[in-house]
Amino acid sequence: MKKNIVLSVENLHVQLGKRMINQDISMDVKEGEIVGIIGPNGCGKTTLFNAISGFAPIDTGLISINGEEVNNFTPHQRARKGLSRGFQNVGVFKEMTLEENIIMAIEQAEQLPWYWMFSRQEKKQVEKRVDAILDGVDLLSHKQSLAGLLSGGQLRLLEMAKLHALGGSLVLIDEPTAGVSPVLRGELRNAIAQLAKKHGRTIVIIEHDLKFLFDLVDRVVVLVDGKKYMEGKPKEVQNDARLREVYFGT
Amino acid sequence: MGYFYTIFARFLASLGQGVGGQVSFSMAGIFLLSLPVCFSFSAYTMAILHKKFAVVLWVSIIIALFLTMMLGALFSYTYTKVSKDSFTVLCLGSILAFDAFVRSFDSFTGGVLGISGILRPESIRTLPALVQFSFFVLIVILVAQYLVLKSPMGRKIRAFKEHPVALQAFGVSQKSVISFVIIGGSLLSGISGLLEVFRIQFLDPSFGGIPNLIVLVSISILALKPKVKAVVLASMLVVFLPELISFLDFPSALLGHLRVLLYSVLLIVLIHTISGKSQFQKREI
């Protein structure tokens with residue numbers, strides 16, 4: 001069965017100030033795929049995410065989400081079109097409880113009416129969903145804690161739970177292992193894999209920990225100096241001589 | 001009893017404005033220093049329409065509140081177009097600009113002499129009736145605030161203060177949150193201005209202004225927690241505390257100045273002790 005293209009980027013150019021950050025980048029991501037983006041620091045990975053999610057203005061090129069061109073859409077409009085974005089500095093609200101963070105995501109995903117919390121039945125249903133989502137990342141026991149009290153790794157897990165609750169068909173995750181202990185990296189990998197395999201999300205992920213990434217993704221896009229250097233299966237990328245030199249010094 | 005009613009009416013007017021301050025300053029992190037302008041603007045608009053253009057009092061009130069909301073919409077639009085720092089300076093400037101406007105256009109505003117003999121509506125002509133009416137209005141405002149705090153909008157406002165970029169990634173329009181906070185805050189300030197002018201039945205350029213701003217900021221800093229009781233207690237403290245001075249043996253001419261001095265000292269103490277938690281002027285990430 002032919003899979004739909006969830007994200008399409010065509011000939012994207014992004015210039016910030018006088019510097020061209022992304023040059024002529026094209027890529028397609030198919031439904032249910034996990035695609036990794038790697039490249040040296042400053043090669044324009046996060047800028048590419050910012051351009052896709054509408055936080056950075058693009059010069060030329062075309063971005064489509066689920067077949068719809070979104071170039072002129074604001075970030076929140078793109079989110080409503082099914083794009084969920086995780087951030088390098090964790091996009092959760094630390095002054096809110098874990099429960100409130102997930103409730104906010106559910107409210108947006110399901111467009112609940114403003115008075116939903118005054119309906120006992122609705123409240124029960126939302127509570128059940130919150131519990132299930134937090135349990136999925138092993139954070140249910142912290143439900144009433146402020147998110148700011150969590151460790152770096154737990155914050156990342158909460159972000160994964162939030163991205164799950166938001167329900168977008170396309171999920172962008174930026175450096176999920178930053179500040180995460182090796183113990184929690186396994187859990188984080190499972191959470192991301194579940195988003196794709198169990199919940200059918202399409203995922204694009206930026207990551208510096210190549211072992212973590214290669215174990216997780218179906219395909220890798222390599223950026224060098226703002227341009228797409230190559231694209232292929234993790235094995236193919238690992239065997240590329242120039243990349244081995246850049247990343248592994250061999 | 002008259003003293004009690006006067007103080008209670010002042011408390012209610014301050015509380016109304018305090019709710020607007022709490023939502024904008026403490027919850028949304030928007031340093032909306034233009035609230036005193038809205039406080040004065042609604043009172044002057046109502047008084048001018050009623051006294052100079054003979055518009056029916058209740059109609060003047062409704063028009064005044066509508067125009068105050070429009071003024072809020074203008075501030076809201078400005079907030080989306082300039083930096084946070086510029087917006088703060090612009091709001092402060094608007095207080096001075098409004099003061100200059102009131103003093104200059106004396107054919108409408110009465111200039112430095114002001115507008116005297118402002119009548120209350122028939123149904124709230126006496127002070128006790130005004131206090132009862134104000135109390136009813138404030139109950140409605142506090143119930144509305146409670147509902148907002150519990151609702152998705154309450155969470156969006158708090159999220160906007162902490163991480164506006166992540167909020168957009170949730171699919172929430174920043175503009176909708178900004179408009180809600182600034183227009184809502186301006187309306188509440190306008191309502192408070194009307195309650196206050198009906199209490200004192202007189203308007204001059206000192207109505208609202210910097211002393212009012214100091215009271216408002218003090219209440220907002222004290223009411224850091226997004227709870228209704230926080231703003232009620234903060235308003236109580238800020239309004240009733242300076243009343244202790246009136247029981248001391250000071251010349252009556254000095255009392256007003258001493259009250260402002262006390263508010264200023266209170267504000268400095270608050271800024272030193274708890275305002276750090278409010279993260280005013282936090283930049284977007």
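In the predicted model described here, strand 1 and strand 2 of chain A form a hairpin with two residues between them, and A:Gly17 in the turn has a positive phi of about 65 degrees. Strands here are DSSP runs of E with at least two residues, helices are runs of H or I with at least four residues, and both are numbered from the N terminus. Strand 1 covers residues 5-16 and strand 2 covers residues 19-30; the two run antiparallel and are joined by eight bridges, where pairing requires that DSSP finds at least two bridges between the strands. Within this pair, A:Leu12 has A:Ile25 of strand 2 as its bridge partner.

Residues are numbered from 1 along each chain as its sequence is written, and chains are lettered from A and ligands numbered from 1 in the order in which they are written. Because the model is predicted, local features need pLDDT of at least 70 and side-chain atom pairs count only at pLDDT 80 or more, while totals for chains, interfaces and linings use all residues.

Taken as a whole, chain A contains nine helices and 10 strands. Its C-alpha trace spans about 60 × 45 × 40 Å along the principal axes. The radius of gyration of chain A is 18 Å, which agrees with the value near 18 Å for a compact globule of 250 residues (taken over C-alpha atoms; the rule is 2.2 Å times the number of residues to the power 0.38). Of the 250 residues in chain A, 43% are buried, that is, with 20 or more other C-beta atoms, placed from the backbone, within 10 Å of their own.

Helix 5 (residues 152-166) and helix 6 (residues 182-197) of chain A have axes that come within 10 Å and cross at roughly 5 degrees; axes are lines fitted to C-alpha atoms over the stretch in contact, with angles from 0 to 180 degrees between N-to-C directions. The two helices are therefore roughly parallel to each other (angles under 35 degrees). Residues making this contact include A:Leu157 and A:Met160 of helix 5, and A:Leu188 and A:Ile192 of helix 6.

What does the contact take from chain A and chain B? It takes 23 residues from chain A and 18 residues from chain B, with contact meaning C-beta atoms, placed from the backbone, within 7 Å. Helix 3 of chain A gives the most to the side of chain A that touches chain B, with five residues.

How values were computed: Two residues are in contact if their C-beta atoms, placed from the backbone, lie within 7 Å. Angles under 35 degrees count as roughly parallel, over 145 as roughly antiparallel, 65 to 115 as roughly perpendicular and the rest as oblique. A residue is buried if 20 or more other C-beta atoms lie within 10 Å of its own, exposed if 12 or fewer, and partly exposed in between; C-beta atoms are placed from the backbone.
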